[in-house]
Amino acid sequence: MLAGQLDNTRARLRGTRSALETANRETSFPVGHASAAVGFVGWRADPVWNVLVFSADEPPSERGLVRVDGIDGEVVGHYVEPIPPEEL
């Protein structure tokens, strides 16, 4: 395979909206603000969405990071924590 060509056996990269929806379902709190960035892991450079989420209350009381596989949309990992009052 030539450099720059896509391997036809791999599915298309899932979009930001799909990653945000998956992250929203994964958290135990209603999501307010969120931000997503795609990164690449492994020698095949598989895409993974890194979605930073904050709870919907004002000011947010929880935050989390949800990692979503960019090909199949499955959750790769997630971390959620309360936001300490001194950080608000």
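Two strands pair if DSSP finds at least two bridges between them. Strands themselves are DSSP runs of E with at least two residues, helices are runs of H or I with at least four, and both are numbered from the N terminus. With those terms in hand, take the hairpin of β3 and β4: five residues lie between the strands, and G73 takes a positive phi near 80° there. This is a predicted model, in which local features need pLDDT of at least 70 and side-chain atom pairs count only at pLDDT 80 or more, while totals for chains, interfaces and linings use all residues. Residues are numbered from 1 along each chain as its sequence is written, and side-chain values use heavy atoms, with hydrogens and water left out.

**How the strands line up**

- Let's begin with β1 and β2 (residues 46-55), which pair in the antiparallel sense over nine bridges.
- Across this pairing, A37 stands opposite N50 in β2.
- The hairpin of β1 and β2 has four residues between the strands, and G42 takes a positive phi near 80° in it.
- Next, β2 pairs with β3 in the antiparallel sense over seven bridges, and a hairpin of six residues joins the two strands.
- Finally, β3 and β4 pair in the antiparallel sense over seven bridges, with E62 standing opposite P82 in β4.
- A handy rule to remember: in a regular strand the side chains alternate between the two faces of the sheet.

**Salt bridges around R63**

- A salt bridge is a side-chain nitrogen of Lys or Arg within 4 Å of a carboxyl oxygen of Asp or Glu, and a search of the whole structure finds three of them.
- The side chains of R63 and E81 form one of these, at 2.6 Å from N to O.
- This pair links distant parts of the chain, with R63 in strand β3 (residues 62-69) and E81 in strand β4 (residues 75-82), 18 residues apart.
- R63 also forms a salt bridge with E87, and the closest N and O atoms are 2.8 Å apart.
- Because R63 lies in strand β3 and E87 in the segment after β4, the pair ties together parts that are 24 residues apart in sequence.
- Taken together, R63, E81 and E87 are linked in a network of salt bridges.
- How open are these residues? Buried means under 20% relative accessible area, exposed over 50%, and partly exposed in between (1.4 Å probe, protein chains only).
- On that scale R63 is partly exposed at 21%, E81 is partly exposed at 21%, and E87 is partly exposed at 48%.

**A salt bridge within a helix**

- E21 forms a salt bridge with R17, with the closest N and O atoms 3.3 Å apart.
- The two residues are four apart in helix α1 (residues 16-26), so about one helical turn separates them.
- E21 is partly exposed, with a relative accessible area of 39%, whereas R17 is exposed at 65%.

**A nonpolar patch**

- Patches are made of residues with over 30% relative accessible area and no salt bridge, where like charges are joined within 9 Å and nonpolar side chains (Val, Leu, Ile, Met, Phe, Trp, Tyr) within 5 Å.
- Accessible areas come from the Shrake-Rupley method with a 1.4 Å probe, and for residues only the protein chains shown count as cover.
- L13, V38 and F40 form such a nonpolar patch on the surface, with about 280 Å² of accessible area together.
- F40 lies in strand β1 (residues 31-41) and is exposed, with a relative accessible area of 56%.
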